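Please keep the structure in view while reading.

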Amino acid sequence: MDVLEGLRDACPALALHTDGPALTAGGLDAMRPSRGRPEFAALATRPLAVAEPASAAEVAALVRWAAGARVPLVARGGGSGLMGAAAVLVPAIVVDSRRLGAVAVDADACLVRAGAGATLAQVHAALASYGLMLGHDPWTVGVATVGGALATNGLGYLGARAGSFGAQVRALEAVLADGTIVRTPSSPARSTGLDLARLLVGTEGTLGIITEATLAALPVPEERVIHAWRLPSFDAGVTVATGLRRTGVRPACLELSADDAPGSAELLLVFDGLGGEATLHAERAARLVAAAGGERLGADEAERQWEERHAIAERWAATRRGGAGEWPPDGTQFDYAHVGVPLGGLATVRATARTLVERYGLVLIEEGLWHWPELYSIVVSGPPGPAEGVRATIDGVCAAAVDAGGTLEYCHGVGWKLAHLMEREHGAAGLAVLRRLKAALDPAHIMNPGKGGL
């Protein structure tokens with residue numbers, strides 16, 4: 001309590017919550033022990049308090065106090081992160097961004113300035129009246145915040161057109177570990193050395209806390225064409241994805257999914273553009289899919305798949321609001337990997353995944369590609385009880401992707417879950433550079449300790 005009294009003295013205007021429900025809700029994200037990591041249950045720690053700053057100045061005052069008092073801070077957005085990046089693992093104060101939610105649109109510049117606590121759905125809604133939209137549309141669009149999505153450099157359903165969320169950043173406001181507020185200029189291009197905005201994107205609050213971002217907005221497409229296909233195999237889907245890129249066909253979204261059943265691969269393609277543009281790309285894509293043996297599904301089925309893309313996250317959010325406990329309730333172990341693999345190594349990584357699934361007696365729920373043939377995903381489950389097989393399979397797939405020259409995660413960040421693989425990703429020398437950078441910017445080691453291998 002003495003620590004919190006010191007904080008109240010240093011930041012008297014700061015909203016600070018210390019009641020049980022607030023601490024329980026503020027200490028976890030969507031990481032769970034049932035994801036093949038039972039040890040996570042023992043690591044999760046109740047935060048000392050949950051702070052809700054209302055301005056960058058309040059964040060800066062909090063950070064200055066924390067640096068002096070050597071109290072760790074964990075930045076939190078919507079709590080929908082899947083890797084434990086926003087989970088409290090040591091006694092710390094959670095910095096909840098929900099009051100940093102202002103949104104302002106510059107329609108002529110196709111820019112939107114949004115506070116870190118604004119949900120992506122709120123940003124979409126603000127842009128809609130100007131005929132604009134955000135290029136980032138993850139499955140958690142109604143829950144995820146601007147700050148959280150940038151901290152993990154997320155990839156959404158429109159990523160084939162817009163790229164990752166970090167690619168859409170034009171400027172950032174952030175608070176560094178000594179309480180300094182930095183603001184980068186807004187420009188579509190620059191050639192002035194290290195880009196400080198890019199430095200903070202994807203670092204999960206370990207180098208600083210993002211408080212506001214200026215983001216590129218896209219015009220709402222005049223035309224959207226949505227097609228769904230059944231393919232004879234996963235390999236046929238890889239052929240299509242590769243062919244689209246080689247021929248210059250530009251989907252807004254490509255989603256390939258398959259399970260263990262022969263011939264069960266499905267491909268969802270979405271095309272956005274000016275009137276006639278999306279149709280032209282869709283027609284060229286149809287030729288490639290037909291050549292690969294694809295069978296067109298009905299328009300209603302295609303629309304259903306697209307309209308229900310957020311359904312899983314919406315159900316999860318409703319369950320969380322209802323105070324439900326661990327999921328799945330029967331203790332079944334499950335997890336997923338989202339890895340980037342050079343095209344030439346994809347077959348090897350897929351073979352490794354299937355070998356591990358068979359070795360540990362798991363169920364291959366789904367494997368897929370997202371947007372490009374190099375972005376490979378796998379979902380597995382195991383029976384209630386021991387989790388070693390699920391963990392070994394996911395870690396094995398991640399390691400195989402890195403060994404093939406790829407990356408162990410393309411979508412959700414590293415957090416706690418994959419921190420132990422960061423040396424494999426970057427090499428000993430590379431990880432040492434990252435840790436020296438961390439030590440230079442955060443000498444007190446207060447910014448989200450234990451995450452990202454830093």
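Ser 80 counts as buried because its relative accessibility is 12%, where buried means under 20% relative accessible area, exposed over 50% and partly exposed in between (1.4 Å probe, protein chains only). Ser 80 lies in the loop between strand E3 (73-76) and strand E4 (93-96); strands (E, at least two residues) and helices (H or I, at least four) are DSSP runs, numbered from the N terminus. Beyond neighbours within four places in sequence, Ser 80 contacts Ala 30, Thr 140, Val 143, Ala 144 and Trp 316, contact meaning heavy atoms within 4.5 Å.

The model is predicted: local features need pLDDT of at least 70, side-chain atom pairs count only at pLDDT 80 or more, and totals for chains, interfaces and linings use all residues. Residues are numbered from 1 along each chain as its sequence is written, and side-chain values use heavy atoms, with hydrogens and water left out.

A nonpolar core is a set of buried Ala, Val, Leu, Ile, Met, Phe, Trp, Tyr and Cys residues joined through side-chain atoms within 4.5 Å. Two such cores are listed here.

| Core | Residues in core | Members, among them |
|---|---|---|
| Largest nonpolar core | 51 residues | Leu 267, Leu 269, Tyr 376, Ile 378 |

In the largest core, the four residues named touch the most other members. Helix H14 (residues 388-403) gives the most to this core, with seven residues. In soluble globular proteins, nonpolar side chains tend to be buried together.
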